[in-house]
Amino acid sequence: MLAHHSSRIEVVFEPVLKTILRYNMFKPGDRVGVAVSGGADSVYLLHALAALAPRWDLSLCVLHLDHRLRGEESRDDARFVAGLACRLGLPAHLAERDVGRLHSAAGGNLEQTARIARRTYYQKILERENLDRIATGHTRSDQAETVLFRFLRGSGTAGLAAIRPVTSNGFVRPLIDMERSAIELWLREHGVPWREDSSNLSADFARNRIRHALLPQLIRDWNPALVENLAHTARWAQDEESYWMTEIGRLAPGPLLDVTQIRALPPAVGRRLIRSAIGQAKGDLLGIGFDHVERILEMAAAPEGRGHLHLPGLDVLRSFGWIRLAAPESRTVERAFCLPVSIPGRFDIPHQDRVLSLDLIAAEAYDGAVPGLDRDRLSDGLELRNWRPGDRYRPLGRARPEKVKFLFQEARIPLWDRRNWPVLSSNNHIVWARRFGPALEYAATPSSRSIVQVREEPREESIREAR
């Protein structure tokens with residue numbers, strides 16, 4: 001009898017079951033938070049998962065966030081969701097966020113602010129309650145609207161991938177293959193109530209204009225199967241993106257791009273490499289469009305020289321054969337440093353995960369493999385500082401003093417590496433500089449009695465973090 005009942009339930013919710021199985025959304029014993037707004041889609045989702053939970057022995061709980069945008073209406077939504085969870089015998093986690101205030105502080109798009117607030121809340125509950133999954137009620141209709149919206153904004157394949165059935169941070173969409181009309185029909189036929197969000201009718205929101213005006217017109221006048229076709233576009237794009245993520249990962253993109261590598265790649269690969277690097281440097285791709293990526297491609301294609309771009313939340317700087325992507329840095333940050341050092345000793349190099357070691361060794365133990373400094377030529381006022389414009393000295397092996405800036409150019413040192421370039425100075429004279437070594441007048445010679453060997457190595461904390 002129990003098996004028959006279970007089989008009947010699976011038939012009732014067969015579209016949901018197929019989607020769950022297709023994408024392997026759950027494993028036995030999973031703890032699942034179900035995001036329930038009170039609307040038709042989320043109410044149907046909760047009933048479906050409550051019915052199907054025994055198949056995987058799922059532990060369900062209900063999540064609801066009141067955005068405080070609709071006054072008593074949104075409070076009634078919260079009460080409705082709490083009552084629904086109680087009738088189904090499920091624990092509920094309800095919270096409030098003043099999304100209007102958050103939007104006023106952050107600016108931008110109100111819908112985006114609300115989405116971020118929800119996502120942040122769900123992620124917090126996932127971690128606090130040790131959940132395995134968060135299930136949301138996104139449907140094929142939502143998918144079609146998202147694809148169309150992003151296409152109109154000029155998104156590439158990554159944007160057209162739209163709503164993924166399963167995400168890397170634990171979100172699943174069991175209704176992604178169902179249309180909203182089928183869900184509402186089921187709820188009506190079974191007498192299941194839901195809440196209508198009045199803001200869903202407002203033409204102030206772009207998604208509502210697409211949902212209630214543009215998409216129905218396109219379906220009526222151009223293609224009755226448009227929702228299905230847009231959903232297929234999303235699946236196509238998702239598979240494309242999954243493939244390219246693997247391929248781009250083999251190129252090991254990072255916040256420092258090799259111009260030669262980018263030039264050698266087909267534009268399609270170069271664009272994806274750049275987008276991946278932006279994502280790593282910025283943490284997301286919000287505000288990044290096609291033109292931004294093209295400008296970086298053009299920067300890489302330009303003859304050798306400098307370049308500087310300001311993108312949303314990102315500074316892009318080219319120097320020699322490299323392009324660096326980094327978060328904008330406040331111009332008020334002072335990064336110059338100067339500190340006294342003694343021999344022997346080990347000293348942290350400011351703003352870097354490196355240590356400078358000054359080791360005192362006897363002449364008979366010195367093999368000369370790494371040029372050292374003559375201890376007797378050094379005064380006690382030795383300082384470790386960063387290079388500064390105008391610095392010059394005569395490195396060992398040079399015929400005359402050179403500006404350090406010239407040495408940088410000759411060695412093709414990128415601009416971003418120069419500012420914190422460490423030098424040792426004595427009485428305002430450089431006695432040693434990273435990579436360029438000792439100054440001639442301070443260098444150890446065969447007649448030196450005591451030699452200072454200068455070494456750089458990673459800070460121990462950095463080594464432990466790498467492990």
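This report walks through helix packing, a few individual residues and some backbone details.

## Ground rules

This is a predicted model, where local features need pLDDT of at least 70 and side-chain atom pairs count only at pLDDT 80 or more, while totals for chains, interfaces and linings use all residues. Residues are numbered from 1 along each chain as its sequence is written, and side-chain values use heavy atoms, with hydrogens and water left out.

Helices (H or I, at least four residues) and strands (E, at least two) are DSSP runs, numbered from the N terminus.

## Helix 11 and its partners

Let's start with helix 10 (residues 206-221) and helix 11 (residues 226-250), which pack at an angle of about 110° with their axes 9 Å apart. Here axes are lines fitted to C-alpha atoms, for helices over the stretch in contact, and angles run from 0 to 180 degrees between N-to-C directions. That makes helix 10 roughly perpendicular to helix 11; angles under 35 degrees count as roughly parallel, over 145 as roughly antiparallel, 65 to 115 as roughly perpendicular and the rest as oblique. On the helix 10 side, L215, L218 and I219 meet L226, V227 and L230 of helix 11 (contact means heavy atoms within 4.5 Å). By class, this contact of helix 10 with helix 11 has six nonpolar, no polar and no charged residues. For the classes, Ala, Val, Leu, Ile, Met, Phe, Trp, Tyr, Cys and Pro count as nonpolar, Asp, Glu, Lys and Arg as charged, and the others, Gly among them, as polar.

Helix 7 (residues 140-152) also packs with helix 11, at an angle of about 75° and with axes 8 Å apart, so helix 7 and helix 11 are roughly perpendicular to each other. R140, S141, Q143, A144, V147 and L148 of helix 7 meet V227, E228, L230, A231, T233, A234 and Q238 of helix 11. The residues of this contact of helix 7 with helix 11 divide into seven nonpolar, four polar and two charged.

## One face of helix 2

Helix 2 (residues 14-22) has V16, L17, T19 and I20 as its buried residues (buried means under 20% relative accessible area, exposed over 50%, partly exposed in between, with a 1.4 Å probe and protein chains only). Seen down the axis of helix 2, these buried residues fall within an arc of 165°, so they line one face of the helix; the arc is that of the directions from the helix axis to the C-beta atoms. After helix 2 comes N24, with a positive phi near 50°.

## Two residues up close

W432 sits in strand 18 (residues 429-433) and is buried, at a relative accessible area of 8%. Leaving aside neighbours within four places in sequence, its contacts include L356, L373, P422, V454 and E456.

H103, in helix 5 (residues 99-106), is partly exposed at 22%. Beyond neighbours within four places in sequence, H103 is in contact with G108, N109, L110 and T113.

The peptide bond from I343 to P344 is cis, with omega near -5°, and P344 lies in the loop between strand 10 (338-340) and strand 11 (345-348). R68 isn't a glycine, yet has a positive phi of about 55°; R68 is partly exposed, at 48%. N427, another non-glycine with a positive phi, near 55°, is exposed at 56%.

As for disulfides (pairs of cysteine sulfur atoms within 2.5 Å), the structure holds zero. C61 has the sulfur of C86 as its nearest cysteine sulfur, 15 Å away.
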